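Subject: Model handover

Hello,

Here is the model for you to look through. My notes follow below it.

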Amino acid sequence: MRGSASYEMVSGDIAKVRDFVRDFLTDAQSVHGWTVSARAIDAARLVASELATNVCKYAPGPCLVDLESDGTTLSIVMWDSGAVLPVASDSDPTRIGQHGLELVLMVCQSFEVRCETVGKSLRARVALSERTAG
């Protein structure tokens, strides 16, 4: 199952990205009968939200979101035109903010950054059930 959406990353688009992910996973459950845990939906929405926030902060402009699932994992790919690659900060509980990528890395099975001809793409994979997490 696949889905794609594009956003200009203006006010309200981060919420639209989260809703796109939720709707995709809800359809996966109802159309394909796949088991998708509530935790997986929350984790996927968190990942999409953090990646979209990164686009807004560091690569304003158009963004493409591709979702793909085989019923076991969800692949979230976000492309933007920015050249700056995200880097997770060292863990620091006293730091205020900039924990987004740390959170993404905690809830994903894998995370990958690729330089593209224009900009970059970020790929995160999230388990759809607790049986496939980890």
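A polar contact here is a pair of N or O atoms within 3.5 Å; within protein, one must be able to donate a hydrogen and the other to accept it, and residues adjacent in sequence count only if both atoms are side-chain atoms. By that rule, a polar atom of the Lys-120 side chain lies 3.3 Å from the backbone oxygen of Gly-82. A polar atom of that side chain also lies 3.1 Å from the backbone oxygen of Val-84.

Some ground rules. This is a predicted model: local features need pLDDT of at least 70, side-chain atom pairs count only at pLDDT 80 or more, and totals for chains, interfaces and linings use all residues. Residues are numbered from 1 along each chain as its sequence is written, and side-chain values use heavy atoms, with hydrogens and water left out.

Back to Lys-120. This residue sits in strand S5 (residues 120-127). Helices (H or I, at least four residues) and strands (E, at least two) are DSSP runs, numbered from the N terminus. Is Lys-120 buried or exposed? Lys-120 counts as buried, because its relative accessibility is 2%. Buried means under 20% relative accessible area, exposed over 50%, and partly exposed in between (1.4 Å probe, protein chains only). Six of the eight residues of S5 are buried, so the strand is largely enclosed by the rest of the structure. Two strands pair if DSSP finds at least two bridges between them. S5 pairs with strand S3 (residues 73-80) in the antiparallel sense, over eight bridges. S4 and S5 also run antiparallel, joined by six bridges. Arg-123 in S5 is the bridge partner of Val-77. Arg-123 is also the bridge partner of Glu-112. The hairpin of S4 and S5 has four residues between the strands, and Gly-119 there takes a positive phi near 75°.

Helix H3 (residues 100-107) has Gly-100, Leu-101, Glu-102 and Val-104 buried. The buried residues of H3 pack against helix H2 (38-58) and strand S4 (110-115).

Last, the cysteines. How many disulfides are there? The count is zero, with a disulfide taken as a pair of cysteine sulfur atoms within 2.5 Å. The sulfur of Cys-63 is too far for a bond, because the closest cysteine sulfur, in Cys-56, is 8.1 Å away. Cys-108 is in no disulfide either; the nearest cysteine sulfur, that of Cys-63, is 16 Å away. Cys-63 counts as buried at 2% relative accessibility, and Cys-108 counts as buried at 13%.

Best wishes

Definitions and conventions
Contact = heavy atoms within 4.5 Å.
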